[in-house]
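Here is a short report for a reader meeting this structure for the first time. Please keep the sequence and the 3D view at hand.

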Amino acid sequence: MTNRTPTRDTTQDEGPAGSLFAGRIDAFAGGLGVRGRVVMSQLPLTVTVLLVVLAAAVFSPSTLAELQFRMALLSHAAVFAACLAVPWEKLPPGAFVIIPVLDCIAIGFTRETGGPAFNVLSLMLVFPVIWLSVGRQRSRVVLAVLATVLATVVPPAVLGGAPPAQGSMIRVIFLPLVLSAVAVTAHLVSGTIHRQRTALVLKDQALAETLADSMDRQRLLDAVLGAVGVGVWVVDQDGNNILTNRALRTDPALAGLADPEGGPALLLGDRSTPVPAEMLPAARLARGEGFTDELMWAGRGRDQRAYSVSAHPMKPKNGGHTGGVITFVDVTALITALAAKDNFVGTVSHELRTPLTSILGYLELVMDEPGMEGIEAELQVVHRNATHLLGLVNDLIAVASERVDLSLEEADLARLLTDVVDSALPKAATRGLELVIEAEHPLPARMDTARIRQVVNNLLSNAIKYSPDGGRITARVHRTGADLVCSITDPGIGMSQEDQEQAFTKFFRSARSRDTAIPGAGLGLPISKTIIEGHGGSMSLSSAPGAGTTATFVLPAS
């Protein structure tokens, strides 16, 4: 391999250097008063006159010795002295234009007294003409043209002499024309430069304001990221780290997570299996995939922490993605509290089941005793409610442990559904509801008939409770490949998307059901889902507000 020495690009350096030089000139000119600016504008012509004097002393001493020529040169000195002595800041604005007009006349006398050898001095008229023309007033362009005419007409008239020759007449006409063009050009160019400069100044101001706003927003963002207790990790479109906030960097379980060399491993919900590389938050964001509130763990042993992880991709207007933001919310305390609640529910439920079972046993003995016929109806009410309470306790135990004990046997799901629907007909009739069953026969499955009957009862009970305006409830069951699909469709109040996402959460009840005082403990759907998943199946809901609900479960067929 050969090493190449980089060469310096001088064209790129000229821009910043030129800008710096121009800035210094602007700063210098801005520090001068009116008198200083008049002197600086006069200085180029004064220096040129001094050079003319030196040239005359060397190449034409006889001309320099003539009194008229010296007087003409002294007029230039007098004009320069006036620039120095006159308090221009006390005079009306624009009073200094008398100086370039006097310069034009002085140049005319100098050229005229110098003779043919010094005709070239007419070129010095460019200095006062440009001085007059660079202003924004158009009247000064006219004044510059008149001054050049005076420079060609007044000196011959004052000095007298022979009538003007043909060459002199050409100069009288041609020189003002040329300098008029110079004056107009200088005026136009200076106007363009002034407008461009004004535009640049406005752009600089706008850029400065934008930069100030950007810095304020950056400080605000830094303050927000530093203040929130949520871990924030920003990545680019390739999943590489852009920034992390203090909460993420100081969290012992997450510190170093954004390190490209490899930080702490994120674990799945079982707290031991690492999240696969392709499912890590940064990798998913690199694919443009967002997600919300996924449970992940980090850390080791007793220092493990639970996090609700969300990823929000940033999508530009032109499509694609440019990375995104990952947030880590520490939910360890919430997970611990939920576990403690489940343990408490499970413990209390176990403690309640034993006396309830004893109560039911002794109640049945009492009901079998002779002479209890007079209170048999009352004892039946007590027995029915105690049995219902024992069922709720069993449900609480199943929900708390997230598992149920199943006694599997071969049974016909279609027959089971028909029996449950038949038993629910009287209750549905009191609510003005029609129950319809659509079933294929037979539909054998290996299942716990008591538990599946409980699931169907729960779904039918919900369909009846949440259909206050009557209508038709349809129970369907059919075979699809290797699965049996059972669904209960009601015409009831329906559920929002948010309620559907929470429907299988323990003790959850929608706001609508609470507002309408529909009874329930929020356990029917969670326990039903637990039972179905215990059979190796699945359960789902399909609903919309005001459009009813369809609850569906799937079981493996025999």
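The report covers confidence, then the open sheet and its helices, then the aromatic rings.

**Confidence**

This is a predicted model. The chain has a mean pLDDT of 81. Of its residues, 84% reach 70 or more. Among the elements of the chain, helix α4 has the highest mean pLDDT, 92. Helix α1 (residues 10-31) has the lowest, 52. Over residues 1-16, pLDDT stays under 50. For that stretch the model has one contact beyond four places in sequence.

**The open sheet**

Five strands make up an open sheet. Their order is β8-β10-β11-β13-β12, and the pairing is mixed. The edges are β8 (433-439) and β12 (538-543). Each has a single partner strand, so one side of each is left without a neighbour in the sheet. On average, neighbouring strands of this sheet are turned by 15° against each other, direction ignored.

Strands β11 (residues 483-490) and β13 (residues 549-556) run antiparallel. Eight bridges join them. Asp 483 has Pro 556 in β13 as its bridge partner.

Two helices lie across strands of this sheet. Helix α13 (residues 413-430) lies across β8, β10 (471-480), β11 and β13. Its direction is about 170° to β8. Helix α17 (residues 524-534) lies across β12 and β13, at about 140° to β12.

**Aromatic rings**

The structure holds three aromatic pairs.

Phe 69 lies in helix α4 (residues 67-85). Phe 118 lies in the loop between α5 (98-114) and α6 (126-133). The pair therefore ties together parts that are 49 residues apart in sequence. Phe 69 has 0% relative accessibility and counts as buried. Phe 118 is buried too, with a relative accessible area of 10%.

Tyr 307 belongs to strand β5 (residues 305-313), and Phe 328 to strand β6 (residues 324-330). So this pair ties together parts that are 21 residues apart in sequence. Both Tyr 307 and Phe 328 are buried.

Arginines also sit over rings. Arg 271 lies over the face of Trp 297, 3.8 Å from the ring centre. The charged end of Arg 284 is placed over the ring of Phe 291, at 3.9 Å from its centre.

Notes
Residues numbered from 1 in each chain as written. Predicted model: local features only at pLDDT ≥ 70, side-chain atom pairs only at ≥ 80, totals over all residues. Heavy atoms only, no water. Phe/Tyr/Trp six-rings, centres within 6.5 Å; stacked < 30°, edge-to-face > 60°. Helix = DSSP H or I, 4+ residues; strand = E, 2+ residues; numbered from the N terminus. Buried < 20%, exposed > 50% of the residue type's maximum accessible area, 1.4 Å probe, protein only. Lys NZ or Arg CZ within 6 Å of the ring centre and 35° of its normal. pLDDT = per-residue confidence, 0-100. Contact = heavy atoms within 4.5 Å. Pairing = 2+ DSSP bridges. Axes fitted to C-alpha atoms, helices over the stretch in contact; angles between N-to-C directions.
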